[in-house]
Amino acid sequence: MGEFAYVAPTSVADAIDVLQEHARSGRRVQALAGGTDLLVQLRGVDKAPRTIVDVKKIEETNRLDIGSDEIYIGAAIPSALLNENAELKALLPGLVEAADLIGSSQIQGRATLGGNLCNASPAADTTPAMIANRGVCVIASGGGSREMPVEAFCTGVGVNALAADEFLLGLKFPRPPARTGDAYLRFIPRTEMDIAVAGCGVSLTLDDTGVCTAARVGIGAVAPTPLRVDAAAEALLGTGVGDAALAAAGVACTAASSPISDKRGTVQYRRKVVAVLCRRAGAIARGRALGAA
Amino acid sequence: MAEAVDYQVLGTRPVRPDGVDKVTGRAQFGADQNLPNMLHGKILRSPHAHARIKRVDLSKALAMDGVCAAVTGADFPTVASGVSIGEAGGDVMDIAHNVMARDKALYHGHAVAAVAATSLEIAEQALDAIDVEYEVLPPVLDVLQAMAPAAPLLDENCFTKNLPEKPDKPSNVASVMALSRGDVEAGFEQADLVVEGEYRIPMAHQGYIEPHACTATVNEEGKATVWCCTQGQFDFRTAIAKILDWKVGDMKVVPSEIGGGFGGKTVVYLEPVAVLLSQRAGRPVKMVMSREEVFRATGPTSGTVCRVKVGAKQNGRITAAKAWLAYESGAFPGAPVGPGAMSIFAPYDLENFLVEGHEVRVNKPKVAAYRAPGAPQSMHAMEVALDDLARQLNMDPLDLRMVNAADEGTQAPYGPKFPAIGFKACIEAAKKHPNYTAPLLEGAGRGVAAGFWFNVGMQSSAEVRLNEDGTVIVMEGNPDIGGSRASMSLMAAETLGVPYEQVKTYVGDTESTGFCNLTGGSRTTFATGMAVVRACEDIIAQCRSRAAATWGVDEEQVEWRDGQAVPAPGVNADVNPLSLADLAAGAPRTGGPILGRASLNAQGAGASFSVNFTDLKVDQETGAVEVLSFTAVQDAGKAIHPAYVEGQMQGGAAQGLGWALNEEYIYDADGVMENAGFLDYRVPVASDLPMIDTEIVEVRNPSHPYGVRGVGETPIVAPLAATANAVRDAIGIRINDLPLSPPRILAALGGE
């Protein structure tokens with residue numbers, strides 16, 4: 001049956017050692033960042049003993065760099081710190097808003113982008129926003145490190161692409177060019193403290209005439225994994241992101257979705273609402289891109 | 001309306017006596033009782049919604065290290081049917097079989113066995129070691145399906161009660177009832193127009209924050225003490241004793257602070273099990289439910305189907321009204337269809353009406369009381385139908401209600417003539433309210449509905465003790481759910497003529513205070529308050545007697561004024577007034593300690609009426625509702641502590657809005673509740689609600705010394721229909737069923 005153990009390595013190499021040792025011996029191991037999902041699961045859904053590897057003591061998971069080309073957000077940085085970073089908020093307001101939607105103020109003192117992604121919930125709020133912002137996962141691996149786009153990271157409900165000897169170090173985003181705006185919206189039946197019934201993140205860049213030159217759309221809670229919807233982005237490209245283009249992008253989101261009916265919403269409802277959210281998020285992103293011009 | 005009375009402390013808003021301990025975390029709630037050598041108990045619950053229990057084998061669990069006792073239904077005594085306990089009127093046999101299943105599990109989560117072990121972890125592991133053989137039976141989950149002749153039967157011995165002839169076949173319909181007056185069909189013939197509809201509301205839970213919890217210890221003499229969160233320590237004592245076949249006198253029940261009850265903590269679940277486990281193990285046993293257990297295995301309120309037909313003249317006068325009600329009782333009989341039927345038409349003066357009620361067993365948890373049990377569902381149907389009627393008549397919905405309003409002297413549909421009541425005063429206050437005269441925001445909708453609850457009296461005792469320094473202790477036996485300690489202290493202070501701060505009210509256990517029925521039926525401030533006032537009058541009589549003895553005059557020559565014994569007017573005595581402190585100090589010389597007592601069965605609980613209205617907006621693309629304002633107007637008789645009356649009104653509105661908009665038990669086809677947690681059983685969060693505006697109307701209840709009417713339950717009745725009517729106003733489409741969740745509204749808008 002095994003026992004619970006807690007380790008808090010201070011270097012990537014030490015963390016990898018722990019993971020590799022468990023992989024060899026077949027003992028269960030799980031990484032812990034803020035713990036806002038893991039601790040709840042440990043108390044209720046899955047109480048089986050395992051080794052908990054706390055990744056919060058590692059320099060690379062705690063770094064927040066806003067460079068001239070690239071933004072790096074360590075996997076263990078809590079949402080509250082993202083929200084307090086004025087520069088990040090100005091550059092990626094939609095992403096920060098997505099992080100700010102999760103849980104309460106207390107939860108946001110612990111909850112992280114990395115944990116939200118690794119938990120691989122189809123309804124994770126930050127994932128569509130990260131997809132829209134061209135997020136890339138930086139993964140520490142037994143063989144060194146590797147990278148993959150955020151949209152490739154979740155491989156199923158609660159399942160991610162990490163191998164047994166890997167953990168997520170951080171997330172990289174290209175620094176948004178001029179006249180770029182992003183937004184993330186989700187639908188919940190309440191005003192807070194709830195899980196997305198559908199979610200949509202949009203990032204777009206406009207030229208100086210207001211024509212869309214780059215776009216990315218991510219959707220959540222409408223398929224087993226969060227999705228990048230290229231058809232929605234294409235519907236916006238080359239347009240002034242007016243009502244017709246936004247409506248077409250919404251239709252593309254509906255077409256890309258494959259939701260289920262459950263206690264949180266029906267198939268029909270989710271397919272309809274993801275289009276509404278795409279239109280509304282697209283309009284906000286456009287406003288931000290124009291404001292940023 | 002009675003003339004205004006000048007009170008010294010009634011109507012003021014002092015800090016509640018239990019407030020500081022609650023906000024600093026010192027208050028002891030149900031799960032806070034710990035004892036030396038205490039064990040932890042857990043319940044094994046049925047994984048099937050309907051199954052015959054063929055065999056339960058505890059041997060592997062009992063063989064585990066750290067497991068000290070394990071029990072099944074076979075370890076409980078056989079309990080005969082026939083005694084009713086608790087506010088919801090459950091039969092003791094059914095309560096016993098709900099506490100622990102015997103031959104059948106009747107819902108997913110029904111208790112099947114229990115263990116006590118040295119740690120919670122071992123107790124949980126021991127549950128996995130219990131071997132149960134089930135014969136799985138098809139469940140029936142819907143009230144109408146359960147009524148169908150071919151439905152799977154929960155109980156082969158359940159024959160519908162109150163039919164003209166005893167039926168020859170068993171049924172899931174536990175009982176039927178009817179109320180009528182006049183000639184309904186003739187009434188409909190006189191009508192200029194008729195509205196009708198069928199309205200469905202799923203099961204909903206009270207959603208109290210504190211899960212059920214208790215600690216029990218049975219000593220070597222066979223005496224038990226039970227600490228628990230309960231709405232009534234005396235009713236719990238009776239229930240535990242009956243279920244375990246104990247003497248009431250061998251059992252002491254100590255109520256903890258209570259983290260919400262709303263009717264849901266009127267029923268025993270864990271307590272008899274903890275006592276039995278403690279008796280077997282010889283050690284104290286603590287049991288605490290998880291949130292999931294609370295949802296799956298404690299009493300929500302009935303899911304219902306209500307059909308209503310109302311006929312009226314062009315002037316709005318109702319000529320006839322008819323209702324057909326079917327209420328889920330859950331696994332055992334005891335649905336609040338009676339109060340549902342008696343309340344549905346109560347606000348109105350009707351010549352012709354007929355209500356037929358059915359309580360129906362389904363494979364879901366046994367329902368328990370929830371604030372005005374039964375009334376919100378039936379009155380939702382009536383108040384929605386009246387809204388449709390007002391639209392067709394092009395009448396203000398408040399005017400329509402005024403035209404038909406019950407008043408003093410109106411014969412209530414459930415029998416008696418109303419004494420002074422405040423329904424018309426509530427309608428008038430609503431009509432004048434600035435929120436009602438304010439124009440609607442663009443795109444918003446406004447809905448109006450009336451509410452009602454009978455309120456009850458029942459038995460109460462109180463003891464008032466004069467301390468040696470003149471401070472006062474009030475001892476009574478009603479757990480404080482809504483600020484009742486503050487209202488008892490206020491009434492005692494007013495009666496004695498002393499400041500509020502001089503009085504402290506305690507809630508006693510079953511051995512430290514006289515019998516009180518449970519805190520329910522909005523009875524505490526009314527009935528126990530009456531006992532407190534009488535006990536204070538007893539103190540005053542004794543104080544007058546002591547003063548007379550001190551002064552050497554007759555008792556009739558002493559008056560009680562402003563907290564002091566004074567010579568009556570015209571009495572020639574050169575003496576100083578004697579305060580409570582003086583009399584307390586002199587007590588050793590005048591006859592010993594001064595103690596006042598009262599016990600009574602309070603009669604004349606005044607009905608409390610309400611009018612609610614709300615403005616809200618609907619997002620036409622998502623179906624989401626934003627509540628812009630909510631206004632509750634209610635008759636309190638006399639608001640002893642207005643802030644806690646307003647709190648009751650606001651709390652009822654919050655719960656009613658949650659019920660109207662999002663709350664519901666969601667079941668899969670096998671009868672497993674899918675949303676047994678606060679994440680997906682969506683009670684409103686603070687940011688979902690506007691500030692709920694309140695206006696207290698005071699039409700004195702002639703039966704209470706200070707005119708009090710109970711105020712705790714009426715507030716949840718009107719919000720359901722007020723919300724439904726506002727959504728109708730906003731979107732132009734009537735949706736008959738609740739909750740008005742975004743998917744339901746969007747589907748109605750044709751947006752799918």
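**Contacts between and within chains A and B**

The contact between the two chains takes 18 residues from chain A and 23 residues from chain B. The model is predicted. Chain A and chain B together bury about 2,000 Å², and 52% of that area lies on carbon and sulfur atoms. On the chain A side, A:R190, A:K263 and A:Y269 supply 34% of the area buried against chain B, more than any other three residues.

Charged pairs come next. Seven salt bridges are counted between chain A and chain B. One pairs B:E621 with A:R279, with 2.7 Å between the closest N and O atoms. Helix α12 of chain A (residues 267–291) gives the largest share of the side that touches chain B, namely seven residues. That side of chain A divides into nine charged, seven nonpolar and two polar residues. Across the interface of chain A and chain B there are also 14 residue pairs in polar contact, counted with both residues at pLDDT 80 or more.

Within chain A, the domain assignment gives domain 1 (5–54), domain 2 (65–174) and domain 3 (180–291). The centres of domain 1 and domain 2 of chain A, taken over C-alpha atoms, are separated by 19 Å. Eleven residues of domain 1 of chain A are in contact with 16 residues of domain 2 of chain A. These two domains of chain A bury about 1,000 Å² between them, with 69% of it on carbon and sulfur atoms. From domain 1 of chain A, A:I16, A:L19 and A:T36 supply 37% of the area buried against domain 2, more than any other three residues.

Helix α1 of chain A (residues 12–25) contributes six residues, the largest share of the side of domain 1 that touches domain 2. The residues on that side of domain 1 of chain A are six nonpolar, four polar and one charged.

Over all chains, the structure holds 61 salt bridges. Side chains of opposite charge can pair when their charged atoms come close. In chain B, B:E198 takes part in a salt bridge with B:R200, the closest N and O atoms being 2.9 Å apart. B:E198 also meets B:R307 in a salt bridge, at 2.6 Å from N to O. This second pair links distant parts of the chain, 109 residues apart: B:E198 is in strand β10 (residues 193–201) of chain B, and B:R307 is in strand β15 (residues 304–312) of chain B. B:E198 counts as partly exposed, at 27% relative accessibility. B:R200 is partly exposed too, with a relative accessible area of 32%, and B:R307 is partly exposed at 31%.

Another chain B pair has a buried setting. The side chains of B:E383 and B:R401 form a salt bridge, with 2.7 Å from N to O. B:E383 is buried, with a relative accessible area of 1%. B:R401 is buried as well, also with a relative accessible area of 1%.

Elsewhere, salt bridges that share partners join residues of both chains into one network: A:R190, A:D194, A:K263, A:R264, B:D680 and B:R682. Of these, A:R190 and A:K263 were named above among the three residues that supply 34% of the area chain A buries against chain B.

Key
Residues numbered from 1 in each chain as written. Chains lettered and ligands numbered in written order. Predicted model: local features only at pLDDT ≥ 70, side-chain atom pairs only at ≥ 80, totals over all residues. Heavy atoms only, no water. Domains from an automatic or database assignment. Contact = heavy atoms within 4.5 Å. Buried area = accessible area lost by both parts, 1.4 Å probe. Helix = DSSP H or I, 4+ residues; strand = E, 2+ residues; numbered from the N terminus. Nonpolar A, V, L, I, M, F, W, Y, C, P; charged D, E, K, R; others polar. Salt bridge = Lys/Arg side-chain N within 4 Å of Asp/Glu carboxyl O. Polar contact = N/O pair within 3.5 Å; in protein donor to acceptor, adjacent residues only side chain to side chain. Buried < 20%, exposed > 50% of the residue type's maximum accessible area, 1.4 Å probe, protein only.
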